[in-house]
Amino acid sequence: MDIKTRVDEINRRAAGCPCGNPHFSIKLEGFIARGAIQRVAPYLITKGISHVTIVVDHQTKEAVGNLLFTELTAKEIEFDTVILTENVNGDIAADEATLVEALLGISDHSQAVLAIGGGTIHDIVRFASAKMKKSFISVPTAASVDGFVSSGAPLIIRGNKQTIQAASPDAIFADLDVLIRAPRAMTAAGYGDMLGKYTSLADWKFSHATAGEPFCPLAYELTWEALEDCVRHTSEIAVASPEGIRLLMEALVVSGLSMQLVDHSRPASGAEHHLSHMWEMALLREGRPQILHGAKVG
């Protein structure tokens, strides 16, 4: 999937949407494809980017980071690396300590920050890159969440979950060769995050009908089509076939684009996400390991 082609199609459809609500032009490039990692360095060169900061954890450094280091070195692109520290439960948390770790580690000289990992690493980089006014580039290592291309960063501030408007990525490079090797639990979490759209979309329609909340049929349709695509191909996703993972990752990206289109999370987040955040905060207060976001949502 050529992301720019899909984005251009959505922007064209938005121009003719009859809902009367504001629509926001989406700007995103990149690819969902086998070998997408090899496209990162050429993209940086076309944008005149010669120095980047790569944010990883120990697992994603092994899964993708080392390969990307080789690609950047071959193209003579300078980079420095921030390896985020796990908490006592072995989790990477988007909390104050980790945010400061990222902000301190991102070089003043870097022109872009690359998030290599899942949803939490993306939320940390989304916030940090917005604060430091640097380009944000997404490199997912699992089809685990629909927040890769959104602009909202769910952060843990003094033990409470808060979504802060930050930055959506300028580009995403989702390599199917990487995604199909991801732990099966993370793929299941991505599928669970998509299943949550049944409730989020129902909540949105209900709120529109009973309280007059603004509603966009295009954003609704984009998310619904992505959800139905996943459900129709459940068996392929379950066995992590290349086609199944491609469909899941495309659905997750489209769900994120629908949020960008209306500049809020209603097309993809409803009561199921409030419950997920409540459970997450409860686990934090009890000092227990986290459960994947999509598993709670699903």
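Start with strand E2, helix H3 (residues 58–74) and strand E3: together they make a right-handed β-α-β unit. Right-handed here means that, with the strands pointing away from the viewer, the path from the first strand over the helix to the second runs clockwise. Helices (H or I, at least four residues) and strands (E, at least two) are DSSP runs, numbered from the N terminus.

The model is predicted: local features need pLDDT of at least 70, side-chain atom pairs count only at pLDDT 80 or more, and totals for chains, interfaces and linings use all residues. Residues are numbered from 1 along each chain as its sequence is written, and side-chain values use heavy atoms, with hydrogens and water left out.

**Stop 1: strand E2**

Select residues 51–56. Six of the six residues of E2 are buried, so the strand is largely enclosed by the rest of the structure. Buried means under 20% relative accessible area, exposed over 50%, partly exposed in between (1.4 Å probe, protein chains only). Show the side chains. His-51, Thr-53 and Val-55 point one way; Val-52, Ile-54 and Val-56 point the other way.

**Stop 2: the neighbours of E2**

Six bridges join E3 to E2, and the two run parallel. Val-52 has Phe-79 as its bridge partner in E3.

**Stop 3: the whole sheet**

Strands pair if DSSP finds at least two bridges between them. Six strands form an open sheet, in the order E1-E8-E5-E4-E2-E3, with parallel pairing. E1 (29–33) and E3 stand at the edges with a single partner strand each, so one side of each is left without a neighbour in the sheet. Neighbouring strands are turned by 20° against each other on average, direction ignored.

Five bridges join E1 to E8 (residues 171–175), running parallel. Gly-30 stands opposite Ile-172 of E8.

**Stop 4: helix H1**

H1 lies across E1 and E8, running at about 115° to E1. Axes are lines fitted to C-alpha atoms, for helices over the stretch in contact, and angles run from 0 to 180 degrees between N-to-C directions. Contact means heavy atoms within 4.5 Å.

Finish with H1 (residues 3–15) and H11 (residues 242–262). Their axes come within 12 Å and cross at roughly 40°. The contact involves Ile-3, Arg-6, Val-7, Ile-10 and Ala-14 of H1, and Val-253, Val-254, Leu-257 and Leu-261 of H11.
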